[in-house]
Amino acid sequence: MYQLNKTAKTNFIKTMLEIAGLVKENFSKLTFALVLVLLNSLITIFSPYFIGLITDELILKGLRYELFVALILLFSIYLVYSLSSYFQIRVIGKVGVDTVHKLRNKIFEKLNELPISFFNSNKSGDLISRINNDTEVLNGLFSEVLVRFFLSFFNIAGIGIFLTFLNPKLGVLSVGLIIPLFVYTIATNRLFRNINKKSLDSLGSLSSEISEGLNNFKTFIIFNKREFFNERIKKSIDDNFRKSTLASFVNGVSSLIYDLAGNLATVLVITFGLQMVKNVEITLGTLIAFLLLVNRFYEPLKTLASLVGTIQRSLASWDRINEILRMETNLKVTQKENEKIYSNEKTMIKMIDVDFGYDHSLVLKDVNLEIEKGKTYALVGPTGSGKSTLASMIMRLHDPVSGKIILNGYDLKSFRPDEISDQIGFILQEPFLIEGTLEENLKYGNRKLNHLTKSELLKEIENRNLKEVLNKFRNGLDEYVGVNSYLSLGQKQLVTFMRAILRDPKLLIMDEATSNVDTKTEKLFQAILDSLPADTSKFIIAHKLNTIRKADEIYLIANGRVEKIENLQVVLEIIRKSDY
Amino acid sequence: MKNNSYKPKKSFVHFLAPHAGWILLITITNLISNGISLVIPRFTANLINEVKISGSIDTNFTLTWFFSALALILILSIMQILIASISSENIAATLRKKIIKKISQQDTSFVDQKTSSKLLTNLTSDIDFIKTFVSQGFSSLVSTVFLALGASFSLLLIDANLALIVILSIPLMMLTFILIFKKLMKLFKNSQEVIDKLNLKISETIFGANLVRVLSSQEFEKEKFNKLTNTSREISIKIVNNFGMLLPIINLIFNTVLVLVIYFGGINVIENSLSLGEFQAFYQYTGLLLAPIFILGFVGGTISRAFSSYSRIAEVLESSDSTINSDNKMLIDIKGNFEIRDLNFSVGEKQILKKIKLKIHTGQKVAIIGPTAAGKTALVNTILGLNKNFTGDILLEGISILNIEEESIYKQIGVVFQDSLIFNSSIRENITLGDCFSDDEIMKVIKIACLDDLVRSEIDLEKIISERGGSLSGGQKQRLTLARALVRKPKVLILDDITARVDIGTEKKIIKNIFEDFADATLIFITQKVELIKNFDNIIFLMEGEILGEGKHEELLNRCFEYRQIYESQRNVEYQLLDGYPS
């Protein structure tokens, strides 16, 4: 359901309107810029006439002083021209930049809003390409194409009307070609757009291939697979080469049609015009005037033609962006019930008949589980049995297929994500650290500690008995823990543990949070867990049985079923009996 | 912003030289197509003149001429478009392959330091800018020069004094260009650097998607991202503003020259030292001379973008190959004899390995145990040649690893890392990495790695795994990478804490399988669990980068206090289960 890369189905006009919507609030600025554009085009059109006038009326008549004055005037006009183009570029450029800026932020926000399953269906490189490259393509549309498009359009319309006014028959003949051109544009839009989209998509998958290759670079080296790395990406490069070449060829050829139409119009006017001259319908003078104007008509059409490729590319980019923006999270927050649907003061979490599965097969069936305040729970089971899945449902990273999860008496779905994470601390199996120092990582996502100074944070750390964990880092809070820090998995787990404890969760879920730390540290963690407030519930997933010895209740998960086990001895019995 | 501008050793021209053929082709076809586009208007103009003079024309002749001209133009244009598309895309593809080839010859530390997000920008948008330059910028540049030279020559022929005014304005325009482009190039470079950072931020958000949701840190992410896009926005606006300065200034200089030409030319005409025809011709040629310079203003952006992107790409292409200097490196047969003498390794000021001394013999089962951050992973990475700047000797079969071909090491040693790196492809490809293995071979290692829960039969091998193994559990990912190493039947196996996320039963079974099926292989096994390694031939206890003890389990218990401490702390119910553990 979160799969991107479907072909575009939206129509041309609708897309144009959508894109126009992006610059809606800049409408007045764009109008201002357009007025400047028109002013400049008037100057461009009329200054040759003015110069002709100067030649005929002043130079030829030897009027030196008047020539001087006239040229001062001409210079002032040019000065106005430069000033106006200065403002025009600035205003339009800013609109383009702002639109890209807004779009990028919007897509990024969307990415963070969508559920985890979105990322399982899409590749990071492609998403990066959509945020960076496709928005940049649209920037080109706003900053360059828009104005020239409208200007050419005005010119065409103006000259067209003038031509028709001059001679309706010839006018319709020369301007009439616009209609088949328009039909052609609409008709071929989908085809050309899809070709462009495929080219952009292939750039996206090239990015994906590159980022996946680079992120797994160590594997290629250690398996002596440098060549394989090379070949894999080469394949994507070749694919991108084919698709982009096709797109750039098609864009070129499709704009050729507009060129051709302009030429055809000239031929038509000449042929029919001469016929009309013969039939004395028009004078030769009219025909000459006509031909001159038809040539003028042809210029903006050429400009328009050169824009066609960019426009098609932009539309395809917009499709790719819009695909993301259109998506909605399936984890909507529902209206909170007026009354608690389950009222037991002691219970924090209750799962009732919860089923969960991917595609069509259920991973978890009929899960019934209750987490009471202040108690410690352990979840054990073979690898791949769905322990993490179960835990992530409590955090609402996924919704159950059926059944209900209740948090503090209300449906879990009625809590905002931040309300849930304020109460539940979750140490993920994969320790993920953000680029930066230990301090930044500990403050990350923590609204209470985010604005503390270093010494204040240190105090909070001491208050929660985490000082000893912190001491394991030579540079303390200033320790760099980013990509280039060579931190081991165990060390990363120290950070994620501290980060979770510092959030003062009411329920702490630990998903194999200590799998790579040594026994001594594990004991330290245990002591810290024991010193948490008495009403803190703990939910521990672990393979090391000693980490769950202190659990009040133990659940075993196997073959999709979750059952409560009386005590550790029984767990051992079950493991012994199983066919391991 | 940090500005460590890289100065390429090779010039941009030198860099493009291998593509000269393609570039020439694009340029020539572009010039032809520009020429063609002038044909029809010129023809119409001639027609008008003819009609003006003679009052009539030969319709049939005109039409035939016209349509054949149109047909020719159509054919030539299509050819031109085809050539231009193929050649510019071809250059882009070739450059991309060049960079990828370069990266493929580097160490892991190269990718870590350059960061994958920057390399991604290099391979995508930086190349695109160079492509734009080659496909559009260069030919405009050439036609500009041609037109300008021709026009200046004509001007000089007509009136040398007047021509001086025009020609003198050219350095002035050039100066403006240079001043503004200098600024622009820096800005373009900055803007590409922000793109690097945006890439990094986006991939962080994607890779850390779970964390963001668990902590509800969307606001934090948004803030950070907005900060970056704001920087990007500021740079882009500066770029726009510089362009906003450039074009009007050039325009003004151009128009001022026109006004001057008209004034002085006009005076000359009045004084009869210049004919009206010459005056008009002069005026038109001035336009011809200056218009292309004006076009250069548009093209200039493309050029300076390409230049700044080039210096970024050159930084990658010109870095020295870290591995492929195989002059005195040899291919050897690895049996599993390691000797390490006085090995020290530091990252920055932090010394990670201190004076390591160690011998491992063929077929030995060796365990490395020790607390978090003891340097266990660093030790095996160094033995594998992944850490370069160590001191001391690492000998494999008596030969320093510095003198052994990388191929020898990695083909014969199987490694499984702590972090399971998984590809977005089928299970089969995740195991084979493109090599040929029979289904039987694959299914066998699947059994050994206890991956049967994921792969029940051959059909499951084609199952596609999502990026970074998002659809697998942590334990499944570990076992999948184990299968990847085992299928190659390595003579040495290095396993870094691979059973951390696997349940006790499976863990036990995996080790039993490896002991049975890889009985002859040398095994180096990193773990936290004493009980797993009791029967190993040699146990190395590592702490804070130092070997504190070495020997068999019983020996270490007596000799090494810290080892004993760990053993005692782990003696609980869990491991009693593992009694009767295979040897």
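## Strand pairing in chain A

In this predicted model, strand β1 (residues 347–358) of chain A pairs with strand β4 (residues 402–407) of chain A through five bridges. The two strands run antiparallel. One contact point in this pairing is A:Asp355, whose bridge partner in β4(A) is A:Ser402.

β4(A) also pairs with strand β5 (residues 410–411) of chain A. Here two bridges join the strands, again in an antiparallel arrangement. A:Leu407 has A:Tyr410 of β5(A) as its bridge partner. β4(A) and β5(A) make a hairpin, with two residues between them. A:Asn408 sits in that turn and has a positive phi of about 50°.

## Helix α9 of chain A

Helix α9 of chain A covers residues 226–278, a run of 53 residues.

## Contact between chains A and B

How many residues does each chain bring to the contact? Chain A supplies 130 residues and chain B supplies 135 residues. On the side of chain A that touches chain B, the largest share comes from helix α3 (residues 64–113) of chain A, with 24 residues. By class, that side of chain A holds 63 nonpolar, 44 polar and 23 charged residues.

The predictor's scores for the complex are an ipTM of 0.87 and a pTM of 0.86.

## Confidence in chain B

Chain B has a mean pLDDT of 85. In chain B, 93% of residues reach 70 or more. Which elements of chain B mark the lowest and highest mean pLDDT? Helix α19 (residues 573–576) of chain B has the lowest, at 48. Helix α13 (residues 439–448) of chain B has the highest, at 94.

Over residues 575–583 of chain B, pLDDT stays under 50. For this stretch, the model has 14 contacts beyond four places in sequence.

How values were computed: Residues are numbered from 1 along each chain as its sequence is written. Chains are lettered from A and ligands numbered from 1 in the order in which they are written. This is a predicted model: local features need pLDDT of at least 70, side-chain atom pairs count only at pLDDT 80 or more; totals for chains, interfaces and linings use all residues. pLDDT is the predictor's confidence in each residue, from 0 to 100. Helices (H or I, at least four residues) and strands (E, at least two) are DSSP runs, numbered from the N terminus. Two residues are in contact if their C-beta atoms, placed from the backbone, lie within 7 Å. The expected span of a helix is 1.5 Å times one less than its number of residues. Ala, Val, Leu, Ile, Met, Phe, Trp, Tyr, Cys and Pro count as nonpolar, Asp, Glu, Lys and Arg as charged, and the others, Gly among them, as polar. Two strands pair if DSSP finds at least two bridges between them.
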